[in-house]
Amino acid sequence: MTPQAQYNASHVNKSAGNLDYYEEDYHRSIRNVESALDDTDHAHEPLRIHVERVVRQYFAMLGDEIPTDLYELILKEIEQPLLSVVLEKSRGNQTKCAQILGLNRGTLRKKLKIYGLM
C-alpha cells in the first residue's frame with residue numbers, strides 16, 4: 001500500500017512536502033481509536049462490536065471527509081496482530097498457525113513476510 005492510501009481522500013491530494021504532517025495526523029487518529037478500545041467497560045463484547053465502534057468513531061473523526069482504502073486499512077490493522085498472536089501461541093510452528101487460522105501454509109508465509117513476522 002502506498003503511504004497515501006492510508007489517508008482519507010482530502011489528504012491524498014496534498015503535496016508531498018506536507019506528507020509528514022498528514023502522517024502524524026493519521027497516526028494520531030489511530031491512537032485515538034486504539035485508546036477507545038482500551039476502555040475496560042467493553043472488554044467482554046464480541047469483536048464485531050469493537051470493530052463497529054471503531055469504524056463509527058473513525059467516521060466521526062473524519063467529519064465530512066470521505067476515506068479511501070478503508071477496507072485495506074482495517075484489514076491491515078487487524079491482520080498483523082492476529083498473525084503475531086497466533087504465531088506466538090503456536091510457538092512459531094507455521095503449519096500449526098496456518099491450521100488455527102484456516103489458511104494455506106503458503107498464504108500464511110506470504111502474509112508473515114508482508115508484516116515482517118518471519
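Visitor: How many salt bridges does a search of the whole structure find?
Guide: This is a predicted model, in which local features need pLDDT of at least 70, side-chain atom pairs count only at pLDDT 80 or more, and totals for chains, interfaces and linings use all residues. Residues are numbered from 1 along each chain as its sequence is written, and side-chain values use heavy atoms, with hydrogens and water left out. A salt bridge is a side-chain nitrogen of Lys or Arg within 4 Å of a carboxyl oxygen of Asp or Glu. By that criterion, the number of salt bridges found in the whole structure is four.

Visitor: In what order do the elements of the protein chain run from the N terminus on?
Guide: Helices (H or I, at least four residues) and strands (E, at least two) are DSSP runs, numbered from the N terminus. The protein chain has six helices and zero strands. From the N terminus on, the order is therefore α-α-α-α-α-α.

Visitor: What percentage of the residues of the protein chain count as buried?
Guide: Buried means under 20% relative accessible area, exposed over 50%, and partly exposed in between, with a 1.4 Å probe and protein chains only. The protein chain exposes about 8200 Å², with carbon and sulfur atoms supplying 51% of it; such areas come from the Shrake-Rupley method with a 1.4 Å probe, and for residues only the protein chains shown count as cover. Of the 118 residues, the buried share is 24%.

Visitor: Is Leu83 buried or exposed?
Guide: Leu83 lies in helix 4. Leaving out residues up to four places away in sequence, Leu83 touches Leu101, Leu108, Lys111, Leu112, Tyr115 and Leu117, where contact means heavy atoms within 4.5 Å. Because its relative accessibility is 1%, Leu83 counts as buried.

Visitor: Which residues is Ala98 in contact with, leaving aside neighbours within four places in sequence?
Guide: Ala98 is a member of the largest nonpolar core. Among its contacts beyond four places in sequence is another core member, Leu108.

Visitor: How many residues apart in helix 4 are Lys76 and Glu72?
Guide: Lys76 and Glu72 form a salt bridge, with the closest N and O atoms 3.7 Å apart. Lys76 is partly exposed at 31% relative accessible area, and Glu72 is partly exposed at 31%. About one helical turn separates the two, because their spacing in residues is four.

Visitor: How far apart are the closest N and O atoms of Glu45 and Arg53?
Guide: Glu45 is partly exposed, with a relative accessible area of 28%, whereas Arg53 counts as buried at 19%. The two form a salt bridge, and the distance between the closest N and O atoms is 2.4 Å.

Key: A nonpolar core is a set of buried Ala, Val, Leu, Ile, Met, Phe, Trp, Tyr and Cys residues joined through side-chain atoms within 4.5 Å.
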